[in-house]
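Trainee: Could you walk me through one part of this model in detail? I'd like to look at how the inside is put together.

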Amino acid sequence: MDIIIVGFGAIGKGVAKVLYEKREYLKKNFEEFRVVAITDSSGAAIDEDGLDLLKAIEVKEKTGKIKNYPEKGKEISSIDVIRNVDADVVVEVTPSNLETGEPAKTHILESFKNKKHVVTANKGPLALCYRELIEEAKKYNVIFRHEASVGGAMPIINLAKETLAGNEILSIRGILNGTTNYILTKMEKEGLDFETALKEAKELGIAETDPTQDIEGLDTAAKIVILANSIMGMNKTIKDVKVKGIKRITPEALFLANKRGYTIKLIGQIKDGYLIVEPMLVPIDSPLNVKGTLNVAMFETDLAKEVVVVGRGAGPIETASAILSDLIHIYQATKR
Ligand SMILES: NC(=O)c1ccc[n+]([C@@H]2O[C@H](COP(=O)([O-])OP(=O)(O)OC[C@H]3O[C@@H](n4cnc5c(N)ncnc54)[C@H](O)[C@@H]3O)[C@@H](O)[C@H]2O)c1
Ligand SMILES: N[C@@H](CCO)C(=O)O
Ligand code: NA
């Protein structure tokens, strides 16, 4: 199966690493998964027989520009690559823009028009025009998957659509941002100051390209919109979410909360049609009290009752795990 990776930052490189490490497993169980093009803001590397993924990662890490890939690198837009390079699937992992959804929205729609399936981790277009994307994928008869867009490696979207199929999901509440959970955990457990903890999160490759999206709760807001629309049958946008971030939370506030048997977490919640993101007091012994970059989601359903899922919500390899599962699903749905 031939893949184009659009966006070659933390996640794009994570996808390349995972496809390289799993190349024998994939060939044995499915077929060769080849990356025939990689793009970033500088241009692209293109090889219809499959790029050398370790070389692509090395070029990006050394020079910051994928167009410097020897012989196969060139200055060309992602749109032209999507239009002109023959491939089965586009993996869209450019920065999430929560105002316009671009450039990802155009990349995704152009992929559909060119009969390419899409796997994305990008929350922008999903939070702004979910219904339009679903309709367009149906119109061009292509598959559109986005498990990585909420909770990273934590199974949530496909779990609800597949394993909880037939259930009515009455409410969801959880921690859906790894960066803020990492910061709150470091402040609580090590008394680390906010800025140092944020710097560490950036170094781990878990923060957004614009980390204010994490800190101000907008990333979590985008994710509960995606959940509301994709697995609860709603039709919301990010403007429907009441959002507060964690800027006012200090190590002292966490210490005081602990003294009373609580911690403080940035909670996203969908209940009775209302979407809200704000720091909340959580009992120390609650299933919601997960640490570090972990995410957690508590479903209330009509048949399965309460269901709780926990997993790494961010990180290049962890997120690439969710992207790989969507790629395998596309292979099984189209190539078998
Ligand atoms: N980092 C995580 O743990 C994580 C987890 C889940 C989802 N995501 C989402 O995955 C996406 C990528 O995240 P990241 O951490 O890799 O970001 P990043 O900032 O590390 O990388 C973004 C990449 O996109 C490229 N890019 C920007 N504009 C482009 C364009 N027009 N055409 C092609 N490439 C372009 C940049 O050059 C860069 O290579 C974001 O939408 C993010 O919200 C990230
Ligand atoms: N910046 C996001 C990445 C995963 O969407 C987080 O910290 O959860
Ligand atoms: Na997920």
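Trainee: How many residues does the largest nonpolar core have, and which of them have the most contacts inside it?

Mentor: Quick housekeeping: this is a predicted model, where local features need pLDDT of at least 70 and side-chain atom pairs count only at pLDDT 80 or more, while totals for chains, interfaces and linings use all residues. Residues are numbered from 1 along each chain as its sequence is written, chains are lettered from A and ligands numbered from 1 in the order in which they are written, and side-chain values use heavy atoms, leaving out hydrogens and water.

Now, your core. It has 67 residues, and the ones with the most contacts inside it are Ile4, Phe112, Ile172, Leu227, Ile270 and Phe299. By nonpolar core I mean a set of buried Ala, Val, Leu, Ile, Met, Phe, Trp, Tyr and Cys residues joined through side-chain atoms within 4.5 Å. Buried is under 20% relative accessible area, exposed over 50%, and partly exposed in between, with a 1.4 Å probe and protein chains only. Helix 11 (residues 218–231) supplies the largest share of this core, 8 residues. Helices (H or I, at least four residues) and strands (E, at least two) are DSSP runs, numbered from the N terminus.

The core also draws at least three residues from each of domain 1 (2–153 + 316–335) and domain 2 (161–312); such bounds come from an automatic or database domain assignment. The C-alpha centres of the two domains lie 27 Å apart, and 20 residues of domain 1 are in contact with 25 of domain 2, contact being heavy atoms within 4.5 Å.

Take Ile4. Skipping residues up to four places away in sequence, Ile4 touches Val36, Ala37, Val81, Ile82, Val85, Ala87, Val89, Val90, Val91 and Lys116. Apart from the core you asked about lies another one, of 36 residues, with Val15, Ile38, Ile323 and Tyr331 among them.

Phe112 takes us to helix 5. Together with Ala104, Lys105, Ile108 and Leu109 of helix 5, Phe112 meets Pro125, Cys129, Glu132, Leu133, Glu136 and Ala137 in helix 6. The axes of helix 5 (residues 104–113) and helix 6 (residues 124–139) come within 11 Å and cross at roughly 10°, so helix 5 is roughly parallel to helix 6. Those axes are lines fitted to C-alpha atoms, for helices over the stretch in contact, with angles from 0 to 180 degrees between N-to-C directions. Under 35 degrees counts as roughly parallel, over 145 as roughly antiparallel, 65 to 115 as roughly perpendicular, and the rest as oblique.

His107 sits in helix 5 too, and it counts as buried because its relative accessibility is 6%. Beyond its neighbours within four places in sequence, His107 is in contact with Val6, Ser78, Ile79, Ile82, Glu92 and Thr94.

Have a look at the backbone around these helices as well. The peptide bond from Glu102 to Pro103 is cis, with omega near 5°, and Pro103 is in the loop between strand 5 (89–92) and helix 5. Lys115, in the loop between helix 5 and strand 6 (117–120), has a positive phi near 60° without being a glycine. Asn141 is another non-glycine with a positive phi, about 55°, in the loop between helix 6 and strand 7 (144–145); with a relative accessible area of 63%, Asn141 is exposed.
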